[in-house]
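Subject: Structure handover

Hello,

Here is the structure we talked about. Please open it alongside this message; my notes follow below.

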Amino acid sequence: MSSHYQIVIIGGGNAGLSVASQLLRKRSNLNIAIIEPSEKHYYQPAWTLVGAGVYDINKTVKKEKDFIPKGTTWIKEAVTKFEPQLNTVVCTNGKEISYDFLIVCPGIQLDWGKIKGLKETLGKNNVSSNYSFEFAPKTWEFIKNFEGGTAIFTNPKGAIKCGGAPHKVMYLAVDYWRKKGILDKCDVHYLSGGSIIFGIKEYAKTLDEVVKRGNIKTHFKVDVTEIDGDKKIAYYEQENSSGEVERKSIPFDLCHAVPPQSAPDFIKKSPLTNLTIPSGYVDVDKYTMQHNVFSNVFSLGDSSSAPCGKSGAAIRKQAPVVVANVLSILDNKQPTAKYDGYAACPIPTQYGKLMLAEFDYSNTPKMSFPIDQAKPRWSMWILKTKVLPWLYWNKILKGTA
Ligand SMILES: Cc1cc2nc3c(=O)[nH]c(=O)nc-3n(C[C@H](O)[C@H](O)[C@H](O)COP(=O)(O)OP(=O)(O)OC[C@H]3O[C@@H](n4cnc5c(N)ncnc54)[C@H](O)[C@@H]3O)c2cc1C
């Protein structure tokens, strides 16, 4: 059984719904199918706030059917295979779907299994992760009930969605323990695969101060390989000054863990990627978001190879580019719209204060507001906790923001 659509979108997450809505707003007669297996749609950026006890987890999930744009066809399946030479994708049930244009955005894969023991201990032994709908509420439970001891916060090597989330939770935890009056009994460690706290020096300066104020011990170029929940020990590898890798361990009383991440396996083993692309993402031109081999294929969001900060903020700027370029090709014109690598990372430095880091491919600040955004502010906290969630459900997914 096979069916054909003018445009097929894989993934009805942040990217897929934004693009579908924007396409239809530009041209209502387009014949679009969205292939999406999940009945639920998640607003993941709020999971940081859930883990800090200031947001209800139930408000981060809504029914997918309420957001599938009217005028599109929802195919409730998962794609398992790409056949770009035949302009076809294959779904789990064996159904083949062909297209004129393909837009690939099934998100990123959380490789929990790459940290030995992590999956088994999540939600128990004071080990949690804001990277999961199920376990973000546990983060808050563990932080709230912590009475002191060693707390570790891990950040894997390689690209992840929301590069700030592994340390956002740490700043809020430290602030909570400070207010509870137990911070002097807390030994806080940040174990990061990165080599610095943040890639852009103007914003890093602010975070360095937050780290110092919280007496947080930072460990960089670290690869956490195992978490033994029963014994409460994390094992990690770290490069020493002579470039040799040493295996080390750290006992903990509380652990917030972030899994390594990569392209979904069905992309990794497809012709849409190649061995030169780290972690198997869809090989696109980082400006036009068009596939580098198959010109009728585009990709955006977490699954694309664009070397930006993987985030919803990036998608807000990528979606109009994909829409403009697909419509150009439909009109027999060149795809000339360009994405500049814009991404944003709203980093709460304490309860009630947030630094809105915005930047692009040049790794320089690209601030939207006429104020110094490297300074944490109450107004930006309100933006993150109230304005952005509203914008997401009411404007971004509907293609009007
Ligand atoms: C803890 C946390 C904090 C974050 N904080 C922020 C923040 O402050 N600001 C920010 O901008 N971003 C933040 N993000 C990142 C943001 O949520 C993601 O970048 C964004 O959701 C990516 O959108 P996407 O459409 O690429 O993927 P997703 O929104 O994850 O959607 C992917 C969709 O594809 C579907 N899918 C998967 N496999 C298949 C398949 N085989 N076939 C068809 N469909 C499939 C899934 O069911 C899903 O609906 C955060 C993320 C996390 C986890």
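In which helix is the place of Leu 23? Leu 23 sits in helix H1. Keep in mind throughout that this is a predicted model.

In sequence, 376 residues separate Leu 23 from Gly 399. In space, the C-alpha atoms of Leu 23 and Gly 399 are 8.3 Å apart.

Next, Ile 216. Look for Ile 216 in the loop between helix H6 (201–213) and strand E13 (217–219). Ile 216 has 9% relative accessibility and therefore counts as buried, the cut-off being under 20%.

Then Pro 259. This residue is in the loop between strand E17 (254–256) and strand E18 (261–262). Pro 259 is buried, with a relative accessible area of 0%. Pro 259 and Ser 311 are 52 residues apart in sequence. Their C-alpha atoms are 16 Å apart in space.

**The ligand site**

Now the ligand. Where does it lie relative to the domains? Domain 1 (2–108 + 263–333) and domain 2 (111–261) both contribute residues to the shell around the ligand, so the ligand lies between them.

There are 34 residues around the ligand. Those that come nearest are Ala 15, Glu 36, Asp 302, Gly 312 and Ala 313. By type, the shell divides into 16 nonpolar, 12 polar and 6 charged residues.

- Glu 36: a polar side-chain atom is 2.5 Å from an oxygen atom of the ligand.
- Ala 313: a polar backbone atom is 2.9 Å from an oxygen atom of the ligand.
- Asn 14: a backbone N or O atom is 3.2 Å from an oxygen atom of the ligand.

How much of the ligand's accessible area does the protein cover? On its own, the ligand has 1000 Å² of accessible area, and the protein covers 89% of that. Helix H1 (14–26), helix H5 (165–180) and helix H8 (312–330) are the elements that give two or more residues to the shell. The largest share, 3 residues, comes from H8.

**Ser 192**

Ser 192 lies in strand E12 (residues 186–192). Is its place buried or exposed? With a relative accessible area of 2%, Ser 192 is buried. Its side chain makes a polar contact of 3.3 Å with the side chain of Asn 155. A polar atom of the Ser 192 side chain also lies 3.0 Å from the backbone nitrogen of Gly 194.

**Cysteines**

How many disulfides does the structure hold? The count is 0. Cys 105 is in no disulfide. The nearest cysteine sulfur to Cys 105 belongs to Cys 308, 13 Å away. Cys 105 counts as buried because its relative accessibility is 5%.

Cys 186 is in no disulfide either. Here the nearest cysteine sulfur is that of Cys 255, at 15 Å. Cys 186 has 9% relative accessibility, so it counts as buried.

**Positive phi**

Most residues other than glycine have a negative phi. Two asparagines here have a positive one.

Asn 126 has a phi of about 65 degrees. Find Asn 126 in the loop between helix H3 (118–121) and strand E10 (127–128). Its relative accessibility is 21%, so Asn 126 counts as partly exposed.

Asn 363 has a phi near 55 degrees. This residue lies in the loop between strand E21 (353–359) and helix H9 (378–396). Asn 363 counts as partly exposed because its relative accessibility is 44%.

**Where to look**

For a quick tour, begin at the ligand between the two domains. Check the Glu 36 side chain there, 2.5 Å from a ligand oxygen. Move on to Ser 192 in E12. Finish with the loop that holds Asn 363.

Best regards

Notes. Residues numbered from 1 in each chain as written. Predicted model: local features only at pLDDT ≥ 70, side-chain atom pairs only at ≥ 80, totals over all residues. Heavy atoms only, no water. Near = heavy atom within 4 Å. Polar contact = N/O pair within 3.5 Å; in protein donor to acceptor, adjacent residues only side chain to side chain. Areas by Shrake-Rupley, 256 points an atom, 1.4 Å probe, with all protein chains shown as cover. Helix = DSSP H or I, 4+ residues; strand = E, 2+ residues; numbered from the N terminus. Nonpolar A, V, L, I, M, F, W, Y, C, P; charged D, E, K, R; others polar. Domains from an automatic or database assignment. Disulfide = S-S within 2.5 Å. Buried < 20%, exposed > 50% of the residue type's maximum accessible area, 1.4 Å probe, protein only.
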